[in-house]
Amino acid sequence: MLSGIPPHPRNGPALPPTPESWLPQEHNLYRPRHSARQRTALVCAIAFFLAPALAFVLGVRAEPFENRKLNDFPSLADGWSFFTELSPWATDHLPLREAGVEVADAVGTGLFGDPPGTQSGARSGTVGVQPDQPESKQVVPRKLYPRVISGKDDWLFLGEDVASKCFPVMDVGRTVAAFNKLRAAVESSGRKFVLVIAPNKTTMLPQYLPDDYVGKDCAAARSREFWERVPTEAGAIDLREPLRQTATQLGTDVYPTVDSHWNFAGGLTMTYAVAEQISPGITRTWQVEASKLRTWPADLPRLLGRSEEWELREYTLAPDGADDRTRYIASDFKTPLRTQQFGDPATGVYNGNVGVVADSFTQFASPFLAATNRDLLIAHSDTVAQGSPEDIAKLLGDRDVVVFEFVERIVAHGGSSLLRDDVIDAIARALADNPR
């Protein structure tokens, strides 16, 4: 007798049970081998697995869409971690993943009422409501801070605006000291120094934030200290009130609902403030007119796994009150952008050489900076911070004025490379070797 198989009533080993699909159709236990539902499920499974493979064969490749690079293929030399890292790589490089995420997000939001981005892999969804206890009594890990905060009336905010202030790497006093050291490095070489801070969208439009979110209290405390000390102790241009005035004059917000940056009106506000600090009174003859609309890719929906654009108004700027000199040139400034005006000096245009060390907010000021400066160079802060003294000298050695523009979140956090002593020392050496 075979072990584990009960004997057949007729003294012999039991036979394996007959499959249900082999029974006569009139038998009460008959089940078809492939029912209509089974066939439908099979077709869906084949489509699920073969569609990405077919897309790959046809040349479709995965592209980064979550504000990060795709995971690299793990190395066999990594040992057991090869297997743990293989799944993230395979997920990232699945063709059509972005389309799948967008569909899932649309279904989750439109059909089930989930917050936008719940299906995209954004950390903890978009609204980071403090779990269980008030924030003052419980420290929330940084990984639980959302990448995007979903506010009122469909407003979106960058979660890093909040997280960066709750997890600073430098206290405000050290940040002020770094700014003053940077100022001394520039001014001791005979140049004019200008420091301007682009406020976070969360700073300018708190009325659209949700009533509660992760980091609300600690971010507010850091903001108060930052704005109380940096403008007064480091001489930074405080654009908060000028931006509010611009919004009132134009009858519109200077930050859009779906992007973390300001618009061209914000960049124009920065240009006015910087120009007045470089050459007081120079803006008296400036004339600004509203111009055409243009579309711009929105950064916050990308963090939620979807693509979206927003419209922003362009402006013309005539420094002498007559001739528009704006130049709309797309650049991320990683490769420095240089613009020049030739011919006789124009009224309302600064005739010295100006260098701007900037981030992405200056993209929206560059048309107006180009219009109002005879010789302008804009370099990204990363390009300057990663350069040797010789590289920095090539960028800034012939500049009469050096403007540093920082977005609030990076300096309130203290994480900018330009706040490091070794980088400031390199800038100081480069400028001291090329005095003005």
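Leu-182 has its place in helix H5, helices (H or I, at least four residues) and strands (E, at least two) being DSSP runs numbered from the N terminus. The structure is a predicted model, in which local features need pLDDT of at least 70 and side-chain atom pairs count only at pLDDT 80 or more, whereas totals for chains, interfaces and linings use all residues. Residues are numbered from 1 along each chain as its sequence is written, and side-chain values use heavy atoms, with hydrogens and water left out.

At 0% relative accessibility, Leu-182 counts as buried, a term that means under 20% relative accessible area, with exposed meaning over 50% and partly exposed in between (1.4 Å probe, protein chains only). When its neighbours within four places in sequence are left aside, Leu-182 is in contact with Phe-193, Phe-404, Ile-424 and Ile-427, contact meaning heavy atoms within 4.5 Å. Of these residues, Phe-193 is 11 residues from Leu-182 along the chain, and the C-alpha atoms of the two are separated by 8.7 Å. Thr-175, which also lies in helix H5, counts as buried at 1% relative accessibility; with its neighbours within four places in sequence again set aside, Thr-175 is in contact with Met-170, Val-411, Gly-414 and Leu-419.

Helix H5 comprises 16 residues (residues 172-187), which at 1.5 Å a residue should span 22 Å, and the end C-alpha atoms are 22 Å apart, in agreement with that expectation; the expected span of a helix is 1.5 Å times one less than its number of residues. The buried residues of H5 include Val-172, Val-176, Phe-179, Arg-183 and Val-186. The buried residues of the helix pack against strand S3 (192-198), helix H7 (216-234), strand S10 (401-407), helix H14 (408-413) and helix H15 (421-432). At the start of H5, a side-chain oxygen of Asp-171 reaches to within 3.2 Å of the backbone nitrogen of Gly-173, where a polar contact is a pair of N or O atoms within 3.5 Å, of which, within protein, one must be able to donate a hydrogen and the other to accept it, residues adjacent in sequence counting only if both atoms are side-chain atoms.

Strands S3 and S10 also belong to an open sheet of 6 strands, in the order S4-S3-S10-S8-S9-S7 and with mixed pairing; two strands pair if DSSP finds at least two bridges between them. The edge strands are strand S4 (237-238) and S7, each of which pairs on one side only. S3 and S10 pair in the parallel sense over 7 bridges, and Ile-197 stands opposite Phe-406 in S10. S7, by contrast, runs antiparallel to strand S9 (residues 373-380), to which 4 bridges join it, and Thr-339 stands opposite Leu-376 in S9. Leu-337 and Thr-339 make up the covered face of S7, while Arg-338 and Gln-340 make up the uncovered one.

Aromatic pairs were assigned to rings of Phe, Tyr and Trp (its six-membered ring) with centres within 6.5 Å, planes under 30 degrees apart counting as stacked, over 60 as edge-to-face and the rest as tilted. By this rule, the count comes to 16 aromatic pairs. The rings of Phe-264 and Tyr-328 have their centres 5.2 Å apart and their planes at 90°, so this pair is edge-to-face. Because Phe-264 lies in helix H9 (residues 264-278) and Tyr-328 in the loop between strand S6 (309-318) and strand S7 (337-340), the pair ties together parts that are 64 residues apart in sequence. Phe-264 is buried, with a relative accessible area of 2%, whereas Tyr-328 counts as partly exposed at 25% relative accessibility. Phe-404 and Phe-406 form a stacked aromatic pair, 6.4 Å centre to centre with 10° between the planes; Phe-404 is buried at a relative accessible area of 0%, and Phe-406 is buried at 3%. Phe-264 and Tyr-328 also form one aromatic cluster with Trp-296, Trp-310, Phe-364 and Phe-368.

Asp-154 is found in the loop between strand S1 (148-150) and strand S2 (156-158) and is exposed, with a relative accessible area of 67%. Phe-333, in the loop between S6 and S7, is instead buried, with a relative accessible area of 0%.
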